[in-house]
Amino acid sequence: MARARPTSPRCPRCNAPFTLVAEEVLYTCHYCNASIDTRGEQAPRPLYQAPSATGPNRLPLVLGIGLALMVLGAMAGFLAMGSSSAPSTPPRAEPVPPPPTAQVPPSPPPKPRFAWDMDNAPTVTDVNGDGTDDIIGTIRRGTSFDRYSTAAFDGKTLEPIWEVPIEGAAPTDLASRERYIRQGSRLVRREAMAVSLLELATGKVVGRVALSDKPDRLCIPQGDSSAVWVSVVDQQNILLDTATATARPASQTPPNCQRPERSRHDCSPAIHRKTHLPCSLALKAPSIPGFRGQYIYAAHGLDVVLGARNPGTRVPMAAVFEKGAKEPLWHGAIADMDIEQVLAITPEALDISEDALFVAYRLRAGGMHLVRRDARTGAVVWDVPIPRSKDGSLVTSFRKHGDRLYVPHWMWLDVFDAKTGNVIGTLGTW
């Protein structure tokens, strides 16, 4: 093995090399001018360096070890890079259930549109046996509302109970607004040139009788529990047995179904078609200063005269008499509002109960109001607008039954609470 050889000594102050000279012990540093005594403790000592690369040798061994170390280092680096670059797999988390969502009930399908046929008065009777009067009438369906059906509606909810199409020609231009009558568990329906028999609870058609002309009126003979008398325009009247669905000619009119003989004092047929009340012209009505009567309607022992103020600006007025009396119980304006807002036309739509007078009157701005007055004092109980009465046809008739008022106009049948004037609901859609 080669022995390491010394190198040049260096200055103890600035570490600059200097050259030793034989038998000389004191030197001066040519870089920092420091005095150097090679005999003392501060004397510079020679440094040793590694053997020269040209010595005898273990170079292949050193190179092999170095190469092996390099290969091992490269492999370790590659593995470290691989482990760091590979995606780490986190521990598998348990799935988190989604938060509960509110269950939104599906929207109900839109109800089919229909129009109430205003040319017929509703028939009110208990159809489903729940103790509440239900509503039966004619409705129209289709894009042009030209398909006619008979329909029954629940009196509590106004929801449909059943519906039966009317076959054949549309039942228009009939002589009376009364199109249905109940006899026991059956319903008799007037059609264009026939009458049909329906089960009251289901609407199922169980019989049909063709007529020689248009049916006029339906009437139950007094004391009869199965027959219905059908008046025909050409006077070929029949008696329909609802139990057997058979008919026979009726040569005589039952006494309670006869109409009074017409006279020159009767109201016109157009007025009679609008009301179920006996109506006559007020030609012989008792005179009242400032009031001129036009029509007299009789019911419950009362004569109700409708007319207008005279002389002066025309204002719709009413006067109520006890039957045969010359002095009125009361008289005055029909409307409970400023007369300037009321159209100066004598109303023709009214009904009378034992204690109340109900009248529909028109406004100058359009639309109609419905007023209830005490029959014997004239006191106003309520005066309310009729919904949507500015649209389409006006109210021409209505009917009180029980504690309700049934008011048909154009495409609707409005149901009012007779005690409060509140609208309970409406049948028919735009």
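Biologist: Which residue stands opposite Y297 in β18?
Modeller: V304 stands opposite Y297 there. Keep in mind that this is a predicted model.

Biologist: How do β17 and β18 pair, and over how many bridges?
Modeller: Antiparallel, over 8 bridges. Strand β17 covers residues 291–299, and β18 covers 302–309.

Biologist: How many residues sit between the strands in that hairpin?
Modeller: There are 2 residues between β17 and β18. H300 takes a positive phi in this hairpin, near 55°.

Biologist: C279 is a cysteine. Which residue does C279 form a disulfide with?
Modeller: With C267; the two sulfur atoms are 1.9 Å apart. The link is left-handed, with -60° about the S-S bond. C267 lies in the loop between β15 and α2, while C279 is in strand β16, residues 279–281. The two are 12 residues apart, and the pair links distant parts of the chain.

Biologist: Why does C279 count as buried?
Modeller: Its relative accessibility is 4%, and buried means under 20%. C267 is buried as well, at a relative accessible area of 0%.

Biologist: How many disulfides does a search of the whole structure find?
Modeller: The search finds 2. C219 and C257 form a disulfide too, with their sulfur atoms 1.9 Å apart.

Biologist: Why is the disulfide of C219 and C257 left-handed?
Modeller: The torsion about its S-S bond is about -85°, so the disulfide is left-handed. C219 lies in strand β12, residues 215–219. C257 lies in the loop between β15 (246–249) and α2 (269–274). The partners are 38 residues apart in sequence, so the bond ties together separate parts.

Biologist: Are C219 and C257 buried or exposed?
Modeller: Both C219 and C257 are buried.

Biologist: What's the pairing if you number the bonded cysteines in sequence order?
Modeller: The pairing is 1-2, 3-4.

Biologist: What about C11 and C29, buried or exposed?
Modeller: C11 is buried, at 3% relative accessibility. C29 is buried too, with a relative accessible area of 4%.

Biologist: New topic. What is the strand order in the open sheet of 4 strands?
Modeller: The order is β21-β22-β23-β24, and the pairing is antiparallel. At the edges are β21 (349–352) and β24 (380–385), each pairing on one side only. On average, neighbouring strands of this sheet are turned by 10° against each other, ignoring direction.

Biologist: Last thing. What does the pLDDT average over the protein?
Modeller: It averages 85, and 84% of the residues score at least 70. Over residues 45–56, though, the pLDDT is below 50.

Note on methods:
Residues are numbered from 1 along each chain as its sequence is written. This is a predicted model: local features need pLDDT of at least 70, side-chain atom pairs count only at pLDDT 80 or more; totals for chains, interfaces and linings use all residues. Side-chain values use heavy atoms; hydrogens and water are left out. A disulfide is a pair of cysteine sulfur atoms within 2.5 Å. Buried means under 20% relative accessible area, exposed over 50%, partly exposed in between (1.4 Å probe, protein chains only). Two strands pair if DSSP finds at least two bridges between them. Axes are lines fitted to C-alpha atoms, for helices over the stretch in contact, and angles run from 0 to 180 degrees between N-to-C directions. pLDDT is the predictor's confidence in each residue, from 0 to 100. Contact means heavy atoms within 4.5 Å.
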